[in-house]
Amino acid sequence: MVESIQITFKRKFLAGLFVTIPAIITILVIAGLFKFVDGILSPFFDFFIGRHVTGLGFIAAITIIFLIGLISTNVFGKKMLSFTERIFLNIPVLKSIYTATKQLVDAFSPENKGSFKKFVIIQHPISGTYAFGFLTKECTVRSEDKVSSLKAVYVPTNHLYLGDIVLLEDDKITYTDIPVEEGIKIILSGGTAAPSNILGICNKKGMEN
């Protein structure tokens, strides 16, 4: 009887733990982000107001980001952003950081035509083993006696930020019915968010947006 109660308690406790941990981590991440953003602008408001108002810096940061987004959608804003970008690209150290960051962010932007197009499955790194990847681009490889049409697939090897670029023929790629956004979740979850059944789409349909 006592042993049965202990087993039941252990199971329920572990079940509660697995439910609680993701919620706690989410709260801590949001709280940390709030404190970080709020801490950037708070000193300015503290100086002008004369006292600390928690959250004012965070609200100001969100407002500034929104205004930048609003401005960037018109002609004048695009010219200003283009001018600012040229300044970053002319500074050696900032150029490398800015370019790498911009390319990474653009890759996940739905408005960017050069972003990840499809969530696919390929045999990688060796025959017989499979990996999730993102279809990125099509390219033509020319040799002396052959012209090959290949597709570039990005296979993350360290979450989303590091990975391999694999060039494959179209018939070596299995297109899936999984949206890119869901594919990102699958990669970040280490595969645990992957559905039990994945529909493989015909190659020609797989290229349709």
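**Note on side-chain contacts**

1. F9 has a relative accessible area of 58% and is therefore exposed (buried means under 20%, exposed over 50% and partly exposed in between, with a 1.4 Å probe and protein chains only). F9 is found in helix α1, residues 2-49; helices (H or I, at least four residues) and strands (E, at least two) are DSSP runs numbered from the N terminus.

2. This is a predicted model, in which local features need pLDDT of at least 70 and side-chain atom pairs count only at pLDDT 80 or more, while totals for chains, interfaces and linings use all residues. Residues are numbered from 1 along each chain as its sequence is written, and side-chain values use heavy atoms, with hydrogens and water left out.

3. A nonpolar surface patch is formed by F9, F13, L14, L17, F18, I21, I25 and V29, which together have about 800 Å² of accessible area. Patches are made of residues with over 30% relative accessible area and no salt bridge, like charges being joined within 9 Å and nonpolar side chains (Val, Leu, Ile, Met, Phe, Trp, Tyr) within 5 Å. Accessible areas come from the Shrake-Rupley method with a 1.4 Å probe, and for residues only the protein chains shown count as cover.

4. The whole structure contains 7 aromatic pairs (rings of Phe, Tyr and Trp, the last by its six-membered ring, with centres within 6.5 Å; planes under 30 degrees apart are stacked, over 60 edge-to-face and the rest tilted). F116 and Y154 are stacked because their ring centres are 5.8 Å apart and their planes lie at 15 degrees. F116 is in the loop between α4 (92-107) and β1 (118-123) and Y154 in strand β3 (residues 147-158), so this pair ties together parts 38 residues apart in sequence. F116 is buried at 12% relative accessibility, and Y154 is buried at 10%.

5. F119 and F134 make a tilted pair, with 5.3 Å between centres and 55 degrees between planes. Both F119 and F134 are buried. Ring pairs join F116, F119, F132, F134 and Y154 into a cluster.

6. There are 2 salt bridges in the structure (a side-chain nitrogen of Lys or Arg within 4 Å of a carboxyl oxygen of Asp or Glu). In the D170 to K151 bridge, the closest N and O atoms are 3.3 Å apart. K151 is buried at 8% relative accessible area, whereas D170 is partly exposed at 23%. E182 bridges to K185 at 3.4 Å between the closest N and O atoms; both lie in helix α5 (residues 180-188), 3 residues apart.
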